[in-house]
Amino acid sequence: MSDFSGWEKLSLVDYDDNITTTLFMAGCPFRCPFCHNAELVLHPESAPKIPWAEIKGYLEKRRGVLDAVCISGGEPTLLPDLEDKCREIKELGYKVKLDSNGCQPHILRSLIEKKLVDYIAMDIKNSKERYMSTCGTKVDMAAIEESVDLLIHSGIPFEFRTTVMEEFHDEEAFEKIADWVRGAKRFYVQRYIDSGGCIQNGFHQVPIEKARKFVEILAKTVDFASLRGYDE
Ligand code: SF4
């Protein structure tokens with residue numbers, strides 16, 4: 001599949017202060033039970049196909065209005081022509097932000113080396129020990145660890161982020177995550193919202209006091225740690 005399947009034409013929350021348009025692709029090797037994009041992940045074959053020419057036309061008309069394009073999923077590194085698309089977006093003068101679960105470090109490495117991406121947001125689903133149970137499937141942990149290491153040493157702006165749920169995350173897990181990502185620049189602890197359209201519903205939000213404790217733990221080893229999505 002080389003088409004995008006979803007498009008949020010204007011977003012003010014996906015990439016710092018940048019005015020962004022966000023593209024979603026279908027398909028992902030993970031099955032995180034809390035995934036909000038269940039249809040795109042479980043049924044990529046029946047996902048809509050948005051013509052690239054339509055997206056490019058939109059970007060051409062909005063030069064100087066939009067700042068950036070966020071490529072999200074699903075897992076965007078599965079897109080066979082991701083590099084070409086990033087190149088075309090950058091040739092139009094936009095910054096590129098990529099959301100990834102880190103399952104394909106060689107793709108991330110190539111994009112970074114070719115300067116085709118400006119910012120990467122990578123999910124850290126849980127401590128290494130709990131990773132597979134949190135992702136709902138077998139995971140190549142060596143690949144995830146390679147992506148973490150790559151980003152920490154990449155020199156490009158990036159963030160790690162964890163969407164937290166009572167059923168999966170506790171202080172013990174965050175002590176291990178903090179040790180794992182030591183030296184990272186930014187880490188966000190994100191509030192889980194049960195939108196009703198997840199792969200599996202019924203998980204519970206972590207209360208803000210507990211989420212703050214996770215941030216405190218991370219702040220011992222990363223430059224900047226913060227909550228995201230909580231009313232502070
Ligand atoms: S990695 Fe992301 S897109 Fe894939 S199943 Fe998990 S939450 Fe969904």
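Student: In this predicted model, what makes Phe34, Phe168, Tyr192 and Phe203 a cluster?

Tutor: Ring pairs do. They link Phe34, Phe168, Tyr192 and Phe203 into one cluster. Rings count as paired if their centres lie within 6.5 Å.

Student: How many aromatic pairs does the structure hold?

Tutor: Eleven. One of them joins Phe158 and Phe160.

Student: Why is the pair of Phe158 and Phe160 called edge-to-face?

Tutor: Take the distance, then the angle. The centres of Phe158 and Phe160 are 5.1 Å apart, and the limit for a pair is 6.5 Å. The planes stand at 65 degrees. Over 60 counts as edge-to-face, so the name applies.

Student: Are Phe158 and Phe160 buried or exposed?

Tutor: Phe158 is buried, and Phe160 is buried too.

Student: What makes Tyr188 and Phe224 an edge-to-face pair?

Tutor: The ring centres lie 6.0 Å apart, within the 6.5 Å limit, so Tyr188 and Phe224 pair. Their planes meet at 70 degrees, which is over 60, so the pair is edge-to-face. This pair links distant parts of the chain: Tyr188 is in strand E7, Phe224 is in strand E8, and 36 residues separate them.

Student: Why does Tyr188 count as buried?

Tutor: Its relative accessibility is 9%. Buried means under 20%, so Tyr188 qualifies.

Student: And why does Phe224 count as partly exposed?

Tutor: Phe224 has 39% relative accessibility. That value falls between the 20% and 50% cut-offs, so Phe224 is partly exposed.

Student: How do you know that the charged end of Arg228 sits over the ring of Tyr188?

Tutor: The charged end of Arg228 is 3.7 Å from the centre of the Tyr188 ring. The distance limit is 6 Å, and the charge must also be within 35 degrees of the ring normal. Arg228 is listed as sitting over the ring of Tyr188, so both conditions hold. Lys9 does likewise with Trp7, its charged end 4.5 Å from the ring centre.

Student: What makes E7 and E8 paired strands?

Tutor: Bridges. Pairing needs at least two, and E7 and E8 have five, in the parallel sense. Phe187 stands opposite Ala225 in E8. The chain crosses from E7 to E8 through helix H8 (residues 208–218), and this β-α-β crossover is right-handed.

Student: How do E6 and E7 pair?

Tutor: Strand E6 (residues 158–164) and strand E7 (residues 186–191) also pair in the parallel sense, over five bridges. Thr163 has Gln190 in E7 as its bridge partner. Here the chain crosses through helix H7 (residues 171–180), and this crossover is right-handed.

How values were computed
Residues numbered from 1 in each chain as written. Predicted model: local features only at pLDDT ≥ 70, side-chain atom pairs only at ≥ 80, totals over all residues. Heavy atoms only, no water. Helix = DSSP H or I, 4+ residues; strand = E, 2+ residues; numbered from the N terminus. Right-handed = clockwise from strand over helix to strand, strands pointing away. Phe/Tyr/Trp six-rings, centres within 6.5 Å; stacked < 30°, edge-to-face > 60°. Buried < 20%, exposed > 50% of the residue type's maximum accessible area, 1.4 Å probe, protein only.
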